[in-house]
Amino acid sequence: MAALNVYLFSASTGLSTVIRAWIDRAAITDALELSHDQQVLLSQTVGFPKRDSKD
């Protein structure tokens, strides 16, 4: 449900989003300084959509 809400918000504000199928869990765990009982379950990137070269 959280990912769906991000998709809906992104669409309503002109942003794009995508759920990542592969992520480097070890690197993210280190970067976020997660404890041994915490883990990343989902990675979802949000940003501006690609523009056509005409824009």
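Me: Start with burial. What percentage of the 55 residues counts as buried?
Reply: 11% of the 55 residues in the protein chain count as buried. Keep in mind that this is a predicted model.

Me: And the radius of gyration, what does the protein chain have against a compact globule of 55 residues?
Reply: The protein chain has 15 Å, whereas a compact globule of 55 residues would be near 10 Å. Along the principal axes, the C-alpha atoms fill a box of roughly 50 × 25 × 15 Å.

Me: Which elements are there, and in what order from the N terminus?
Reply: The order is α-β-α-β. That is two helices and two strands.

Me: What share of the contacts between residues at least 6 apart joins residues at least 24 apart?
Reply: 61% of them.

Me: Give me a residue to look at in strand β1. Where is T17, and is it buried or exposed?
Reply: T17 sits in strand β1, which covers residues 16–19. T17 is buried because its relative accessible area is 16%, and the cut-off for buried is under 20%.

Me: What does T17 touch, leaving out residues up to four places away in sequence?
Reply: V6, Y7, S10, Q44, T45 and V46.

Me: Which polar contacts does the T17 side chain make?
Reply: One is with the side chain of Q44, at 3.3 Å. The T17 side chain also reaches the backbone oxygen of T45, at 2.8 Å. Strand β2 spans 44–47.

Me: Where is E33?
Reply: E33 lies in the loop between α2 (25–31) and β2 (44–47).

Me: Why does E33 count as exposed?
Reply: Because its relative accessibility is 70%, and exposed means over 50%.

Me: Now charges. How many positive and negative side chains are there?
Reply: There are 5 positive and 6 negative side chains in the protein chain. The centres of the two sets lie 15 Å apart.

Definitions and conventions
Residues numbered from 1 in each chain as written. Predicted model: local features only at pLDDT ≥ 70, side-chain atom pairs only at ≥ 80, totals over all residues. Heavy atoms only, no water. Helix = DSSP H or I, 4+ residues; strand = E, 2+ residues; numbered from the N terminus. Rg over C-alpha atoms; globule rule 2.2 N^0.38 Å. Buried < 20%, exposed > 50% of the residue type's maximum accessible area, 1.4 Å probe, protein only. Contact = heavy atoms within 4.5 Å. Lys, Arg positive; Asp, Glu negative; His and termini not counted. Charge placed at Lys NZ, Arg CZ, Asp CG, Glu CD. Polar contact = N/O pair within 3.5 Å; in protein donor to acceptor, adjacent residues only side chain to side chain.
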